[in-house]
Structures are given as C-alpha cells and as structure tokens.
Amino acid sequence: MLINSQKLSQAKQALLLRAIALTQTQWFYLFSIFTTLAVLHLDIIRKHPIEGGEVTYYALCWVGILFISWQNRHQEYTINWISSCLGLGLLFIAIFRPIYLWHSDLILFRFAPIVAGLGLGLLSFGFSGLKQNWRLFLLLCLMLFPFGYINELLAFRLHFSEFTATISAFSLHYLGFKATAQGTFVILPTGQVKVIYYCTGGLLIVWLLRLSFLVIIVVFPLTWRQGWGLVISAIATGFLIGCFRVALLAVVVNNRSMFSYWHSHTGSSIFMAITTITYAALCNWILPLELVSQTKAYKPATTVTVTLKRGFFLVATWMGIILSAIYLMTNKLLPNVSILPDKLAVINWQQVNVKPLVEQKKDTQNAIKSAVMLSGKDYSYLKNNQQLKLQMQYVVNTRGKSNPFLEKQSENLVKESQKQPRYVKGVGYYTLYSDNNQAYLTACINPRGGSTVTSTQFMQNRYKYDVTWSRILPWVLGKEVLREDSCIWTQLSVPLQGVAASNIYPILELIWNENYIAWQSLFTNK
C-alpha cells in the first residue's frame with residue numbers, strides 16, 4: 001500500500017507545527033526540568049547503600065509529582081526574576097555536590113531534595129505559586145520521610161512480635177491445630193517458632209501506609225471516611241497477612257526446605273505481592289475508578305506561553321541540570337573504604353598477622369535498614385608469648401548502636417557487657433565482658449569526640465563535635481559531611497589461659513587508652 005507523499009508531507013508539517021507550539025509553552029520546559037531531576041534523584045537512590053531497595057517507592061512518588069504538575073499545567077503564576085534566581089541558586093546548591101556525599105551524609109540525603117524542591121518551586125511557580133502547589137512539596141516530604149522509625153517503634157516499643165504470635169496461635173488453634181503462644185513463641189506439638197519483627201506484618205504495614213499517604217495526596221480531595229478507610233485497610237491488611245505468614249511458618253517448621261523457602265527473600269516477596277494486590281483491590285472499593293477519573297485540574301481557555309527571555313532562562317537551567325546529572329551519574333568517586341591499613345601499630349605489641357573481616361550475611365529483605373560495613377580487619381599481636389586480637393569494622397550510616405561483635409554473642413554475655421560500661425576522660429566509653437576462653441573490650445571509635453557504646457552517646461558526640469558553626473559553610477559548599485554517621489567498631493580480646501577475667505581487663509584497658517587517639521586518626525585517611 002502506497003502512502004500519498006502529499007499527505008505524508010502534511011502530516012510532518014502538522015507534527016512540526018505542534019512541536020513548535022509545545023516549545024512555546026512554559027509547561028514544556030518545566031516538565032522537562034522535573035523529569036530530569038526525577039531521573040537524577042532515582043539514580044542517586046539506586047546507588048545508595050541503604051535506600052537502594054526503595055527505588056520503586058521513590059519512583060511512584062515522582063510519578064505522582066509529575067502527574068500533579070501535568071494536571072496544573074494550564075495554571076498561570078506571577079513569576080519575577082527574584083524568585084527565579086533565588087530558586088536557581090537553591091536548586092544548584094542542593095544538587096551540585098560529589099555523589100559520595102549523598103551516600104555518607106544522611107542530613108544531606110533527607111533535606112537537600114527538599115531544598116532543591118523549594119528552589120524548583122520558586123523557579124517554576126514564583127512566591128505566589130508555592131501555596132497553590134502544596135501537594136508537590138508534601139509528596140516530596142513523604143518520599144523522604146524516614147519510615148524506618150515506625151519499624152523501630154513497632155519492633156522495640158509496642159511489642160509487635162508478641163501480639164503477632166498471640167493472634168497467629170489463636171488462629172491456628174481454631175483451625176484445629178493445637179497451638180499456643182508463649183511470649184514471642186508459637187508452640188505446636190511438632191515444634192515451635194520464635195516470632196521476630198522482620199517476619200511479622202510490621203514491614204507490610206509500613207509499606208501499605210506509604211502507599212496510602214501517596215494515594216491520599218495524589219487523589220485529592222477525599223472525604224475523611226475515604227482517607228481513614230485507606231489507612232485502616234493498610235494496617236489491617238498488613239497485619240493479617242503477616243499473621244498468616246507466621247502461622248504458615250509454624251506449621252511447616254519441621255519441613256526444613258518448606259520453612260527455608262517461606263522464610264527466605266523469595267517467600268517474603270510472594271507475601272509482599274499478595275499484600276499489595278489485596279490492598280489495591282480494597283483501594284478500588286474505597287475509591288472507585290470513576291471517582292479518580294473525575295479529578296480534574298483547572299483548565300482556562302488560553303494556554304500559558306513563555307516569553308523569549310523566560311524561555312532562554314528555562315532552557316539554560318534545563319541544560320545545566322542535564323550536565324550536572326551526567327556528571328553525578330558518571331562520577332565514580334566514592335569515599336575511601338580502605339581506611340583500615342594492613343599494618344596497624346599497637347604500643348608495645350608486635351603484629352604477627354592480619355586478615356579481612358567478613359560481615360555476616362543478613363536477610364536484607366526482612367531487616368530494618370541498618371549501618372553498612374565498608375571494610376573490616378582482624379589483627380593478631382604477640383607480647384611475651386601472650387596473644388592479642390584486634391578486630392575492627394568500619395561502618396557508615398549508623399547511629400552508634402547494634403555492636404556487630406556483641407551480636408555474635410549469647411544474650412547472657414550481652415547483658416553482662418551492658419552492666420560494665422567504663423569511662424575514661426579524653427578517651428570515652430567502652431565495655432568489658434568475658435566468656436570461658438576470652439576477655440573482651442569493645443567500643444565504637446567516633447570520628448570526633450570520645451568512644452561510645454550506646455546510640456545516645458554516639459548522637460551526643462555528633463551534635464556536639466560535628467554540627468558546629470565552623471562546619472556549616474563547608475557543608476553548604478559540598479566540601480564535607482556535616483554529621484559524620486560513621487564509626488569504627490572495635491573489639492580487643494586476650495585469652496584467659498586459666499587467669500581470672502578481672503586480671504586481664506587492666507591489660508585491655510591499658511591498650512585501649514594508649515592507642516585510641518592513633519586509631520581515631522584513621523578517619524583522616526578518608
């Protein structure tokens with residue numbers, strides 16, 4: 001079939017005219033800038049050591065932002081050069097900084113996108129348009145909200161595991177299984193399972209709540225019944241499916257292959273999919289598609305065009321963001337992960353060996369986001385035939401808790417270590433404990449200030465020594481991290497060899513006090 005050349009030429013001409021008309025509208029440039037920033041932010045998220053697994057949710061939030069901006073494309077705003085230049089300055093101050101700072105600075109990671117969003121808002125809508133586009137900023141704040149704190153609240157404050165174990169055992173009992181609950185254990189005649197938070201519906205509830213808030217903001221306005229319906233449905237769906245998963249694990253506890261499958265990443269992903277589909281069906285019932293389709297934006301009779309100067313300004317801004325994005329996305333510069341040397345001096349001791357210290361594997365799908373270990377070393381020393389072991393783990397994105405060396409010990413040893421915290425002025429806090437074979441000293445070496453053993457002590461150091469006026473300007477200029485959430489977890493150990501642990505502790509304390517300053521200087525190698 002031959003295509004008429006005249007009709008083809010007319011079609012090309014019509015398409016060209018439409019494209020030219022589109023480039024004369026302000027919305028075209030603003031939507032392009034929004035999209036470029038979305039791609040840049042998602043690339044940063046994808047490479048982030050902790051938030052990388054959440055890139056899907058971030059993408060959904062950006063889709064919501066683009067959808068709302070498309071709805072409002074016909075609205076007119078009063079924009080002047082003051083708001084445009086101020087917005088441009090805020091925008092580039094936020095985004096133009098080395099990529100490794102986005103990975104190691106949690107304050108930057110949380111607040112810089114909000115500053116960039118404020119700058120983009122001033123650039124796009126002016127001062128008067130910020131109030132009209134409050135949903136865009138609310139979505140941005142929702143995207144960056146640290147929902148991990150809700151997981152910590154459920155896990156450690158509200159005893160969510162015990163409640164889940166009780167409901168799961170109750171359900172199994174009325175299904176004909178002789179199940180009982182005792183604390184966090186679900187007990188059956190064939191075996192028992194301990195319910196930890198990562199296997200409950202807590203993570204599912206948080207995921208569905210995030211989706212609920214996203215829907216409430218995008219599909220606006222809703223009645224209070226519809227809003228609360230979405231929130232209650234999210235909590236109930238996540239909790240009940242979590243209880244079902246725990247019940248299933250209790251039933252198959254004696255079948256090793258089945259238990260491993262449903263307890264693994266694959267099994268949890270299946271329950272995550274079931275939860276999301278169930279919640280989507282409930283959303284369709286609470287918010288019918290007909291209601292969503294009725295959401296309309298304001299559409300005046302005329303299209304908002306752009307002046308030549310304004311168009312040139314927006315094009316220059318867009319090109320600058322594209323170049324910044326290319327630089328950040330191709331820049332492989334990362335913080336030095338090898339701050340722990342192969343040779344590390346200990347006063348009056350001779351180093352005899354060093355080997356890498358490998359982090360224990362964790363089920364990342366079923367774990368609350370935690371610190372990331374970048375490197376680890378296991379050093380061995382001798383002095384007068386006495387052995388000394390020094391183990392170090394360099395971690396980032398930490399709040400100074402969850403000592404990795406204590407995680408390997410029994411609950412009794414952990415409780416013993418918590419009973420004996422020590423403090424030395426000019427050095428800091430450390431803790432001592434022992435088992436049948438070794439005496440131990442362990443603490444977190446801070447980038448600034450003394451050593452710590454608790455999260456409270458660590459965060460006090462950060463706000464006392466890191467967040468100071470002298471460091472604000474270098475942080476704003478992208479020269480350094482404002483709050484260094486990094487730590488070198490350290491453990492010293494000496495064999496008992498029939499000697500009481502109380503006689504070994506002074507040796508460990510002397511080594512710690514003499515070498516702390518030298519070990520702390522390892523942070524300067526970054």
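**Ground rules**

I number residues from 1 along each chain as its sequence is written, and side-chain values use heavy atoms, with hydrogens and water left out. Since I have a predicted model here, local features need pLDDT of at least 70 and side-chain atom pairs count only at pLDDT 80 or more, while totals for chains, interfaces and linings use all residues.

**Helix α3**

Next I looked up which residues of α3 are buried (under 20% relative accessible area; exposed is over 50%, partly exposed in between, with a 1.4 Å probe and protein chains only). Among them are Tyr57, Tyr58, Cys61, Trp62, Ile65 and Leu66. I also noted that α2, α6, α7 and α10 are included in what covers the buried residues.

**A nonpolar patch**

On the surface I found Ile93, Leu473, Val476 and Leu477 in a nonpolar patch with about 360 Å² of accessible area together. Patch residues have over 30% relative accessible area and no salt bridge; nonpolar side chains (Val, Leu, Ile, Met, Phe, Trp, Tyr) are joined within 5 Å, like charges within 9 Å. The areas come from the Shrake-Rupley method with a 1.4 Å probe, and for residues only the protein chains shown count as cover. Ile93 sits in helix α4, residues 81–95, and is partly exposed at 43% relative accessibility.

**Salt bridges**

I then turned to salt bridges (a side-chain nitrogen of Lys or Arg within 4 Å of a carboxyl oxygen of Asp or Glu). The count comes to 10.

Which residue does Asp466 pair with in a salt bridge? I found Arg448, at 3.1 Å from N to O. The two are 18 residues apart, with Asp466 in helix α17 and Arg448 in the loop between β9 and α17. Asp466 is buried at 0%, whereas Arg448 is partly exposed at 25%.

Arg448 also bridges to Glu484, with the closest N and O atoms 2.9 Å apart. Here the partners are 36 residues apart, and Glu484 lies in the loop between α18 and β10. Glu484 counts as buried at 13% relative accessibility. Shared partners join Arg448, Arg462, Asp466 and Glu484 into one network.

My last entry is the bridge between Asp485 and Arg483 at 3.0 Å, N to O; both of these residues are buried.

Methods: Helix = DSSP H or I, 4+ residues; strand = E, 2+ residues; numbered from the N terminus. Contact = heavy atoms within 4.5 Å.
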